[in-house]
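Visitor: I would like to go through this model one term at a time. Please give the rule behind each word as we reach it.

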Amino acid sequence: MQLARVIGTVVATKKEEAMQGRKLLLLRPLLVDEADPPRLRDGAGTVVATDSLGAGPGETVLYCQGSSARQAAGLQTVPVDAVVVGIVDTVEVSRHRIHPAQP
Amino acid sequence: MILARVDGMVVSTVSHPSLRGCRTVICQPLDEAGRAEGAPILALDPHSAGQHQRVLVSTDGAATRRLVGDPRSPLRNSVIAVLDETS
């Protein structure tokens, strides 16, 4: 599992039959910033993931990649390799709450 | 899955039998602004995406093996959607 920020949505009409009705989100992976541990920094790579939880742009989410992504409910026959599995409330690192960001 | 742009197509005569019957395209991964991001990858394309079209590529090997109908296929990437828009 990894943390990511939702940076957008993706819409496709022509797609695999099994993908019909599935919401697609554009995610930017988030990493703990080693230079400044109480912060999250953007990781490399943009990921598209399916979402059944209702996450929206700007939110921080947990996502799974690889074949374990398909273990999420009802995805066994869908060709997905990334799924949003949680909407993050808080993240704490070394007793610093780093999400949501402190003012 | 990743966003990608179709940059070309690959034709191979001597290849694994599971590669026959489905075209292979060169896909350049893109970021949210449509800029190239990372090295291009090859993917099977059952949707006949055109040159420079934006597509969604899945690296789900099980789905790709199902697509080619060969449980022992070494293929992994496939185009699963042709994009209308991203925002």
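Visitor: How many salt bridges does the structure hold over all chains?

Guide: The structure holds 10 salt bridges over all chains. A salt bridge is a side-chain nitrogen of Lys or Arg within 4 Å of a carboxyl oxygen of Asp or Glu. This is a predicted model, in which local features need pLDDT of at least 70 and side-chain atom pairs count only at pLDDT 80 or more, while totals for chains, interfaces and linings use all residues. Residues are numbered from 1 along each chain as its sequence is written, chains are lettered from A and ligands numbered from 1 in the order in which they are written, and side-chain values use heavy atoms, with hydrogens and water left out.

Visitor: What makes A:D51 and A:K23 a salt bridge?

Guide: The closest N and O atoms of A:D51 and A:K23 are 2.8 Å apart. The limit is 4 Å, so the pair counts. The two residues lie in distant parts of the chain, 28 residues apart, with A:D51 in strand β4 and A:K23 in strand β2 (residues 23-32) of chain A. Strands (E, at least two residues) and helices (H or I, at least four) are DSSP runs, numbered from the N terminus.

Visitor: Which side chains meet in a salt bridge between chain A and chain B?

Guide: A:R28 and B:E32 do, at 2.8 Å from N to O. Between chain B and chain A the count is 3 salt bridges. Side chains of opposite charge can pair when their charged atoms come close.

Visitor: Why are residues said to be in contact here, and how many does each chain give?

Guide: Contact means heavy atoms within 4.5 Å. By that rule, chain B gives 25 residues and chain A gives 28.

Visitor: What is the area buried between chain B and chain A?

Guide: It is about 2,100 Å², and carbon and sulfur atoms give 48% of it. Buried area is the accessible area (1.4 Å probe) that two parts lose on being put together, summed over both. In chain B, the residues that lose the most area to chain A are B:M1, B:E32 and B:I80, together 29% of what that side buries.

Visitor: How do you know that strand β1 (residues 2-15) of chain A and β5(B) pair?

Guide: Two strands pair if DSSP finds at least two bridges between them. These strands have 5 bridges, in the antiparallel sense, so they pair. In β5(B), B:V82 is the bridge partner of A:K14.
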